[in-house]
Structure formats: C-alpha cells, structure tokens
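Me: I am new to this structure and would like to learn how to read its features. Could we go through them one at a time?

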Amino acid sequence: MTKTRNLTPEDVRLEESLSRQNHWKRWGPYLSERQWGTVREDYSPGGTAWDFFPHEHARSRTYRWGEDGIAGISDRHQLICFALAMWNGRDPILKERLFGLTGNEGNHGEDVKEYYFYLDSTPTHSYMKSLYKYAHAEFPYGQLVAENRRRNRGDLEYELLDTGVFNENRYFDVVTEYAKDTAEDILIKITATNHGPEEAELSLLPTIWFRNTWAWGRDDYRPSLRSAQQFSVPKEDGLPGSAVIEVEHKTYGKRWLLCEGKPELLFTENETNAKRLFGSENHTQFVKDGINDFVVHGNHDAVNPDQTGTKASALYRLRIPSGGTSSIRLRFTNQEPRVVRHSAPRLVMSSTPKTELLGSAFDAIFSTRKNEADAFYSERAPEGLSEDARNVQRQAFAGLLWSKQFYHIDVRAWLDGDPAGPTPPESRKTGRNSEWSNLYNADIVSMPDKWEYPWYAAWDLAFHCIPLAQVDPDFAKEQLTLLLREWYMHPNGQLPAYEWAFGDVNPPVHAWAAWRVYKIEKRIRGKADRDFLESIFHKLLLNFTWWVNRKDAEGMNVFQGGFLGLDNIGIFDRSAPLPTGGHLEQSDGTSWMGMYCLNMLAIALELARENPAYESVASKFFEHFVHIAHAMNNRGGDGIELWDKQDGFYYDVLHAPDGHRHYLKVRSLVGLIPLLAVETLEQDIVDRLPGFKRRMQWFIDNHADVRNHIQMQDSPRGTRRLLSLVNRDQIQSVLRYMLDESEFLSPYGIRSISKFHKDNPYVMNVRGHDHRVDYEPAESSTGLFGGNSNWRGPIWMPINFLLIEALQKFHHFYGADLNVELPTGSGKQASLWDAAAEISRRLTRIFLRSADGTRPVFGGLRQLQDDPRWRDHIYFHEYFHGDNGAGIGASHQTGWTALIAKLIEQSGERA
C-alpha cells in the first residue's frame with residue numbers, strides 16, 4: 001500500500017542538485033571495488049585481462065582508467081579519491097582493496113572473498129554507512145586460491161569463513177560513515193569494534209590520493225598533497241589535537257583533509273613500482289606501494305620525508321580491548337581551516353571562526369543527516385511494513401546507491417595506446433571491441449556489482465533504474481539516457497552490452513524501463529516528464545531499427561539475437577556458431593522484440609496526446625507487433641510455429657542447413673518470455689487519437705489474421721483491446737507449467753528451467769557428441785560464460801519481475817474472467833493479480849526472516865543465520881537456488897536484485 005509522501009530535507013537536496021543550485025552529488029561512492037583484472041586495464045596481446053593486471057600487482061601498479069578502494073568516495077570525475085586502508089599487524093600487505101578469485105581461479109568463476117555490507121545511503125550521499133569485517137588473523141590469500149582451484153564445479157566454494165579466521169569472533173567490525181554538512185564539506189567517521197576475546201592491534205589508514213592522469217603523455221599537470229603544518233593542533237588540555245593534509249588540484253583548487261588526533265602522516269606518489277614488478281628502474285623515488293612498505297615492512301625510506309606527494313595516509317595505530325570500540329573523525333572540506341586559541345588551540349573555519357571543524361557540532365551534523373535519511377526512507381516504506389522488511393528494503397536501496405561508479409574508457413585511446421606507453425600489439429586493432437572506437441565513457445554509472453561486475457551491462461542497467469526511480473527519478477532518467485548518447489550507442493544504433501564484448505546482444509528492455517520510470521516519477525511527483533520521454537523515444541527508434549535490420553535473419557519477423565543475457569540457458573552456446581550449422585529461431589528473441597514494439601507503442605501513444613505527429617509512429621509499432629505475433633504462430637506464412645501445440649509451450653526452433661526444423665524441447669524461461677509482450681489499449685486513448693484509430697481499423701479490416709492477435713472486451717470505459725503474443729488458451733497452458741511446483745514454481749519464485757528436467761534431461765546428439773540440459777538449481781556445472789552464472793534452474797530477479805508485471809497486465813484485461821490454479825494441481829483458484837502477488841511474496845521471502853529466524857538467502861551459513869552481529873546484514877545475490885532460495889553468484893548485485901525494494905513496495909511481505 002502506497003501513501004502520500006511528505007517533502008523531506010533529502011528531497012530538497014535532490015531538487016537543489018537537479019537545478020544545479022547545489023552540487024550534492026559531486027562527491028559520492030564512485031570508486032570501483034576492483035579495477036584490477038578488468039578489460040579496460042588490459043593491454044595484453046590475447047585479451048587475458050585477469051592475468052595482465054592481477055591483484056598481486058594492484059598495490060604497486062598505477063591504474064590507467066580508474067581507481068578502487070574500500071568504502072571509498074571520489075568526485076564525479078574521480079580526480080580526488082578517498083578510501084580506508086587497514087592492517088591487523090599480521091597480513092603480508094595492507095588491506096587497501098577487496099580480494100577475490102579470478103575467473104580462472106574460482107571453481108565457479110570469479111568471486112570476492114571478503115565480508116562487507118552496504119548499510120545505508122541517501123541518493124545525494126548526504127549520509128552513507130558501510131561495514132567491513134576484518135579478521136585478527138593473517139588473511140589467507142594463498143589458501144583461498146589453492147583450495148578453490150582444487151575443487152571442481154560440483155563442489156561448494158571455499159569461503160573465508162571456512163578458513164577459520166573468524167573463529168571465536170576474532171575480528172573487527174569496521175564501520176565507515178559519511179555525512180555532508182554542505183555539498184563540499186564531508187564529515188567522515190570510522191569506528192572499529194573488537195569482537196574477539198582479547199585485545200587486538202589495528203592500524204587504520206584513511207587515505208587520500210589523485211587518480212594518475214599525468215603519466216600517459218596526454219596531460220602533464222601533476223596535482224599535489226602536502227602536510228599543512230600551520231594547521232596542526234597539538235594534544236593539549238585533554239583535547240585530541242589534529243593533523244591536516246592540504247589537497248590541491250587545478251579543477252577544484254585547494255581542499256583540506258582534517259584528521260583528528262595526532263596520526264602519523266605518510267606521503268608517497270601514485271606511480272608504478274616498476275622495480276618490484278618488472279625489474280626496471282622507477283620513474284620516481286616514491287611509488288604507489290610506499291605506504292604499504294612503511295607500515296608492513298618498516299621501510300622508512302619508502303615514504304617522502306618532505307611530506308608531499310600524490311597519495312597520503314593518516315596512520316592511526318590502535319590497540320582495542322575485547323568488546324571495545326575506537327573511533328576516528330576526519331573532515332574533507334573546501335573551507336580553509338584556521339587555528340584559534342580559546343581555552344586551548346582549536347581548528348575552525350577561517351570564514352566563521354566560531355565553527356569548530358572537529359568539535360561538538362561534528363556529531364550533531366552526523367545525527368541530523370542520519371535522522372534525515374530515516375525520514376526519507378520512512379516516506380518510501382509501505383504502511384504496516386515490519387521492521388525486518390524495512391531493513392531489507394533500505395539495504396537494497398543502500399547497495400544500489402553505493403554501487404554507483406566512475407566508469408572511464410576511451411576505446412580509441414585504449415586501442416591505440418598512450419603516447420608515453422608501449423605500442424599495443426597489432427592484434428588489438430582487430431580484437432576485442434575494435435569496432436567500438438566511437439565509445440568514450442567518463443561518467444557515473446550504476447554497476448551490477450562493483451567487485452564482480454565493475455562495468456555496466458546494458459540490460460542490467462535498465463532494471464537498476466526501476467528501484468532507482470523510487471528514490472531518485474532524475475538519476476534513473478540520466479542513466480537510461482546515458483547509454484543512448486552518441487558516445488555510448490554505436491553509430492549503427494546498437495547499445496554497448498558490457499566491456500568484455502560491447503558488441504554482444506542484451507535483451508532490448510531499455511524502452512520498457514524508460515516507460516516504467518516515466519510512470520513511477522509521475523506517480524511520485526504528480527507530474528510527468530514528457531521531455532525525457534520524447535527525447536529517449538527518438539534515440540530508441542535508432543536502436544529498434546538496428547534490431548530489425550540485424551536480428552531478423554530472413555525478414556520473417558522471427559528474431560535471433562544470440563545469448564540475450566540468458567548465458568547458458570540453451571542446449572548450445574547461443575552466441576557461437578551452432579555445431580549443427582544453420583541458426584536458431586529464438587522464442588525469447590522474437591518475444592523480446594514483441595515486447596519492444598509494445599513498449600514503443602505505449603510511449604508513442606502517450607506522446608501523441610499532445611503531438612499528433614506521433615500517431616503515425618504509434619501505428620507503425622502497432623502493425624509491426626501484429627506481424628511479429630503472427631510470425632510466432634505461423635512463421636512466414638508456411639505454418640511453422642514457435643508454439644508447440646502438443647506440449648502447449650514455446651520452444652526455440654532449430655533451423656538446419658538442409659531446411660529441416662525441429663523444436664528444442666527445453667522447458668525454460670525461453671518459453672515463458674512470450675508472456676512479457678502484453679499491453680492493453682483503452683477506448684478513451686484510441687478515441688483521442690483519430691489518426692491512429694483510423695489506421696488501426698483499416699489494418700484490422702484489411703488483414704484477416706489480425707483478429708487472432710487482438711482480443712477485445714467491453715468495459716465501463718468502452719472497448720478494451722489486448723495486444724499479446726499469447727492468446728487466452730496459450731496463457732492458461734503456459735501458466736499451468738509456470739505455476740506448477742514440480743516445474744517452475746519454487747517456494748522462492750520462478751525457476752529459470754523446469755524442475756521436470758531433473759529426472760528428464762534434454763539430450764541432443766550431434767556428430768557423436770551429446771549436448772544436454774539438466775535442471776541445476778545452484779551453480780553451473782559448465783564453464784559457459786565463465787561458469788559464474790547459471791540459467792539452468794536458479795531464480796533470477798529480473799525475469800521474475802517482468803513475469804509479475806505481465807500477470808498484472810493480463811489481469812487488468814481479463815479480471816475475474818480468467819483464474820488459474822495456484823499452485824497447479826492444488827484445486828485452489830486465484831486471479832492473475834493474486835498469482836502475481838504470490839510470486840512477489842515468494843521472492844521477498846528469500847530475504848526475510850522465516851518463522852525459525854533464518855533467512856533463505858544465507859543458505860547453510862550458520863554464522864550469518866545465527867549470529868546477531870551478522871544476521872541482519874543482507875546479501876543481494878545475482879541469483880538464487882531454485883529449491884531453497886540460497887544466494888548464489890555475485891553477492892552484492894544491487895544491481896538488479898534491488899528490484900526487491902520495488903516488490904516490497906507494491907506487494908508487501910506476507911500472504
């Protein structure tokens with residue numbers, strides 16, 4: 001149940017940001033969590049990104065295209081960066097970045113091996129909070145790599161908890177919080193709690209540095225950090241004192257990092273340690289890993305005694321008793337400090353000497369921003385929602401907002417190499433992404449997961465924008481528009497898929513997301529942004545044309561498209577040439593295009609309300625949809641269908657080189673996706689658009705088969721028309737499978753492949769080799785697409801979300817005239833609306849505490865299930881076990897799994 005919203009201080013900040021009255025979003029959590037091992041940092045001849053820039057190099061080697069860190073922030077151009085480094089006195093290196101296995105090391109592909117949680121964030125990042133769990137014992141880097149390499153795909157992954165380093169609660173909770181006093185004045189609080197049975201050592205190193213923009217031969221300007229001794233305040237009269245780092249960059253002028261207490265300030269350069277890595281001479285005396293070598297190895301020559309550089313840390317050496325807590329306070333500000341003496345020296349703002357920068361007002365600002373965050377999210381939680389569900393929803397939003405990242409790559413420069421760098425191998429000119437030289441990205445983009453997937457993916461991003469629109473519609477609109485800009489979209493109209501292969505094809509859901517965001521904003525704000533809708537519609541026309549020209553192999557309105565985001569769902573790799581030869585006529589490819597047509601039709605009809613020029617465009621999409629619907633059931637007029645009458649289900653059709661065609665009878669999401677192409681036309685809309693009405697009627701009158709694809713029904717508002725790829729009988733047949741608990745319907749949502757295939761695998765022999773699909777509810781047993789993704793049984797949030805929406809749309813048309821058995825075989829009838837709500841609540845159940853106090857998402861991890869220090873910190877995984885709901889894959893995929901926040905809003909939590 002939704003409610004009328006009150007304007008909160010955070011809403012005011014969002015308005016100020018939009019109008020550029022205050023740049024509240026200039027600083028945010030824009031650091032990556034893994035810059036190493038990415039395609040953009042890969043300059044190898046063979047495109048071996050994981051090997052070219054491994055984790056072992058990251059502390060010593062300068063990044064070309066971005067920066068990473070733990071719980072960090074940067075400006076929106078990532079010129080100035082801040083993050084937390086730590087050392088427990090035992091690790092072989094500073095903990096400056098998150099560690100995980102590469103795609104080659106993990107038994108299920110790449111996988112982060114750390115425990116961290118996003119606990120809170122407002123959309124303007126006026127308040128943010130994160131948690132990192134840091135063991136007292138030496139971090140077992142080698143053990144994690146060796147044991148996971150030893151295991152096969154059928155084994156469980158070997159996790160950090162399995163190593164025993166958290167036994168007896170021998171770890172610290174390290175909480176990092178940010179609160180903005182103004183858009184340019186950021187308060188930072190780092191709190192460490194020792195949960196172990198005895199006192200333990202912890203060094204905290206809040207670190208500030210510049211992204212290296214000067215080493216590549218394109219811009220020689222070098223910014224500077226220095227110790228501002230004139231602002232140093234000694235410990236006196238019980239006051240903690242302070243140290244100050246002056247930050248100067250030509251883009252922002254001077255800033256200051258104020259560090260409470262008397263930490264030791266350490267300075268070095270963000271330059272590669274070529275001597276350590278490659279055995280060659282360094283370009284500078286001080287290098288990127290200098291602070292690491294000072295702290296870990298006691299090498300005092302590794303840091304600059306003049307206390308200047310491009311990377312600096314404030315070293316706090318703490319000893320924290322068992323159960324004890326220590327906090328440090330910092331402030332990063334554009335307000336020049338000044339030392340004044342009252343009863344003792346104090347650090348104040350030069351412009352307002354009564355404002356003490358690290359005084360009592362510091363904690364008051366934090367308290368205010370935290371309360372404002374509470375008020376903001378209280379307005380967005382449905383009435384009557386439990387505290388547990390509120391916590392899940394808020395952490396979903398937090399993860400989504402923490403997952404913004406400065407994403408930077410200039411493909412032409414990446415292909416050609418830098419003036420100051422080595423000449424790239426010739427293979428790059430025809431290798432990965434060589435056809436995308438138009439692509440220049442230097443923007444804040446919503447990431448699927450900033451460690452596992454620290455690069456955007458086109459269809460993931462579309463789903464991100466739905467929950468983003470609940471809290472920040474303007475940012476959601478910016479994200480959707482961004483991928484359609486000329487420096488992203490290919491000149492031929494294709495959207496970039498992801499950096500491993502920008503030319504791959506994701507499902508075309510951008511128009512759907514734009515239409516949904518438009519309607520969400522209209523509901524929230526009471527006004528519609530038609531300028532946004534019209535602008536994005538024109539760019540989507542280019543992309544739609546690309547799809548029609550490139551993916552309809554024979555001009556029959558039956559579409560291919562490749563893997564279409566569903567990775568290993570098929571019996572063959574759908575991105576590669578088929579071992580049989582020929583091609584696939586894809587049920588999902590054709591259905592996605594049917595859905596695309598209807599989304600574009602809905603947008604065109606909305607725009608035509610005020611501009612009749614869009615009526616003819618709406619007519620075009622109406623007619624195109626009817627052609628696609630006809631082709632789904634009578635391919636090219638030759639009677640070949642993607643609908644199998646015998647089974648009452650949709651399948652891909654293999655089109656062999658000899659002209660023979662047959663169904664690939666795998667019961668998967670491929671056969672459910674046709675449900676997604678559905679829209680209703682209301683009589684009042686049609687009547688207001690006479691040009692569209694005349695053309696539609698002419699088309700119906702002159703194409704005898706059209707009536708098979710348009711269902712009509714009288715309603716109080718006149719004749720209501722249903723446009724759908726599936727008719728009433730087909731809906732009922734498909735839903736019998738989908739709502740059957742022995743097939744698709746799990747206690748936690750809709751499976752990606754029917755459980756039927758557990759005992760009945762689909763096998764096809766090609767030239768003596770068996771290709772098969774089994775029901776695999778957890779990890780993938782194959783290495784297809786890296787092996788860290790599995791669409792052969794698990795539950796995936798985005799398709800479930802679309803299926804819920806489709807059922808709601810069908811209910812809008814059929815109402816009480818169409819009920820289904822829920823679950824199939826139970827004898828209990830339910831409306832399609834109730835079926836949608838039931839699926840929604842089953843998905844929500846993954847994250848909520850059950851009657852026994854456990855959360856299905858945590859699976860068999862007892863520490864996460866039972867320990868009060870862990871159990872309310874939620875993971876939002878990439879996908880979920882098809883039978884028990886346990887989280888699988890990337891653990892911070894908020895990301896599209898943040899859709900759960902929208903489901904909680906619209907369907908609540910309990911039956």
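Me: Which residue in E29 stands opposite aspartate 714?

Reply: Keep in mind that this is a predicted model. Threonine 719 in E29 stands opposite aspartate 714.

Me: How many residues does helix H15 have, and what distance does it reach from its first C-alpha to its last?

Reply: Helix H15 (residues 613-633) has 21 residues and reaches 32 Å, close to the 30 Å expected at 1.5 Å a residue. Burial is a separate matter: 15 of the 21 residues of H15 are buried, so the helix is largely enclosed by the rest of the structure.

Me: How many aromatic pairs does the count come to?

Reply: Rings pair if their centres lie within 6.5 Å, and planes over 60 degrees apart count as edge-to-face. By this rule there are 55 aromatic pairs. One of them joins phenylalanine 166 and tryptophan 870, edge-to-face, at 5.7 Å centre to centre with 80° between the planes. This pair links distant parts of the chain, 704 residues apart. Phenylalanine 166 is in the loop between helix H4 (141-150) and strand E8 (171-182), while tryptophan 870 is in the loop between helix H22 (862-866) and strand E36 (879-880).

Me: Are phenylalanine 166 and tryptophan 870 buried or exposed?

Reply: Phenylalanine 166 is buried, at a relative accessible area of 2%. Tryptophan 870 is buried too, at 0%.

Me: Why is the pair of tryptophan 459 and phenylalanine 463 called edge-to-face?

Reply: Their ring centres are 5.6 Å apart and their planes stand at 70°, so the pair is edge-to-face. An α-helix has 3.6 residues a turn, so residues three or four places apart point the same way. Tryptophan 459 and phenylalanine 463 are four residues apart in helix H10 (residues 458-471), about one helical turn. Both are buried. They also belong to one aromatic cluster, whose members include Trp512, Trp592 and Tyr879.

Me: Which residue lies over the face of tryptophan 65?

Reply: Arginine 64 does, at 4.0 Å from the ring centre. Likewise, arginine 380 lies over the face of phenylalanine 376, at 3.7 Å from the ring centre.

How values were computed: Residues are numbered from 1 along each chain as its sequence is written. This is a predicted model: local features need pLDDT of at least 70, side-chain atom pairs count only at pLDDT 80 or more; totals for chains, interfaces and linings use all residues. Side-chain values use heavy atoms; hydrogens and water are left out. Two strands pair if DSSP finds at least two bridges between them. Helices (H or I, at least four residues) and strands (E, at least two) are DSSP runs, numbered from the N terminus. The expected span of a helix is 1.5 Å times one less than its number of residues. Buried means under 20% relative accessible area, exposed over 50%, partly exposed in between (1.4 Å probe, protein chains only). Rings of Phe, Tyr and Trp (its six-membered ring) pair if their centres lie within 6.5 Å; planes under 30 degrees apart count as stacked, over 60 as edge-to-face and the rest as tilted. A charge sits over a ring if NZ of Lys or CZ of Arg is within 6 Å of the ring centre and within 35 degrees of the ring normal.
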